[in-house]
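Please look at the sequence and the structure below, and keep both in view while you read. The paragraphs that follow go from strands to charged pairs and then to helices.

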Amino acid sequence: MVDWYNELSVLGKVYLWIAVVATVLLVVQIILLLFSSFGGDIDADGDGDIDVDGDSGVSIFTLKSITAFFAVGCWAGLLTCSLTSESLQWVSILVAIAAGGLAMATVTLIIRAMLKLQCNGIVDFSKLAGRTAVVYVSIPPARSGRGKITITTQGKYMEVDAVTEDGERIACDQVVEITSVENECAVVTKSIQTTVAQNGTATTE
């Protein structure tokens, strides 16, 4: 193993270390995601400050998808790097980007499917007022646009559109209080100043 590592090029060693770290983070994310799917109150989405949303409202740039990009991309890059000559090492970069992009898209589609399944069923939105939730897609200030919050309520994990009357944008992972609900869109305010250390979903009865 030591000889194999020593024979790696500098690029190969970079791939290896990034791949190992990203894989560990990805495994932790999967465990937390499975936990939340079975009724827990932890969701492992990260600080998707880049709000590039798909048609289901799920941000493409989440901690899960970015971690998958580096994990899969760097393992693919390392493999390609090991199989090509030194003059063709640049090919591994293209392979890593392609494989990482595919992994990112796959993770995003899986999250969309899970959220869609978990949100099925009738939810009484009037009961959300006064509850707390966690921002999933940052919310623009002064009702200038919509963001997303995640919450577990009435036995269901769900994602809800949200607006705020606050004068500042509410960042991802911020805990907020739902003041009212208008046409299945939550009106929220930043009631807790600290950001969630471990990304989670607020749980209500």
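Two strands pair if DSSP finds at least two bridges between them, and the elements themselves are DSSP runs numbered from the N terminus, where helices (H or I) need at least four residues and strands (E) at least two. With these terms in hand, one can say that Val137 stands opposite Lys148 in S2. This is a predicted model, in which local features need pLDDT of at least 70 and side-chain atom pairs count only at pLDDT 80 or more, while totals for chains, interfaces and linings use all residues. Residues are numbered from 1 along each chain as its sequence is written, and side-chain values use heavy atoms, with hydrogens and water left out.

Let us begin with strand S1, which covers residues 132–137. S1 and strand S2 (residues 147–153) pair in the antiparallel sense over three bridges, and three bridges also join S1 to strand S4 (residues 175–182), again in the antiparallel sense. Towards S4, the bridge partner of Thr132 is Glu177, and Ala133 stands opposite Val176. Strand S1 is mostly covered, since five of its six residues are buried, where buried means under 20% relative accessible area, exposed means over 50%, and partly exposed lies in between (with a 1.4 Å probe, and protein chains only).

S4 and S5 form a hairpin with two residues between them, and Asn183 in the turn has a positive phi of about 50°. As a general point, in a regular strand the side chains alternate between the two faces of the sheet.

How many salt bridges does the count come to? A salt bridge is a side-chain nitrogen of Lys or Arg within 4 Å of a carboxyl oxygen of Asp or Glu, and by this rule the count comes to five. One of them is formed by Arg143 and Glu165, with the closest N and O atoms 3.2 Å apart. Arg143 lies in the loop between S1 and S2, and Glu165 in the loop between strand S3 (156–164) and S4, so the pair ties together parts that are 22 residues apart in sequence. Arg143 counts as partly exposed because its relative accessibility is 38%, whereas Glu165, at 55%, counts as exposed.

Lys148 and Glu159 are both buried. The side chains of Lys148 and Asp161 also meet in a salt bridge, at 2.3 Å from N to O; Asp161 lies in strand S3, so this pair ties together parts that are 13 residues apart in sequence. Lys148 counts as buried because its relative accessibility is 16%, while Asp161, at 23%, counts as partly exposed. Salt bridges that share partners join Arg146, Lys148, Glu159 and Asp161 into one network.

We now turn to the helices. Gly77 has its place in helix H3 (residues 63–83), and Gly77 counts as buried because its relative accessibility is 0%. Although Gly77 and Gly12 are 65 residues apart along the chain, their C-alpha atoms are separated by 7.8 Å. Leaving aside neighbours within four places in sequence, Gly77 is in contact (heavy atoms within 4.5 Å) with Tyr15, Ser92 and Ala96.

Helix H3 also holds Ile66, which counts as partly exposed because its relative accessibility is 33%. Finally, a search of the whole structure finds one aromatic pair, formed by Phe69 and Phe70, with 5.3 Å from centre to centre and 90° between the planes, which is edge-to-face. Rings of Phe, Tyr and Trp (its six-membered ring) pair if their centres lie within 6.5 Å, and planes under 30 degrees apart count as stacked, over 60 as edge-to-face and the rest as tilted. Phe69 is partly exposed, because its relative accessible area is 23%, and Phe70 is likewise partly exposed, with a relative accessible area of 38%.
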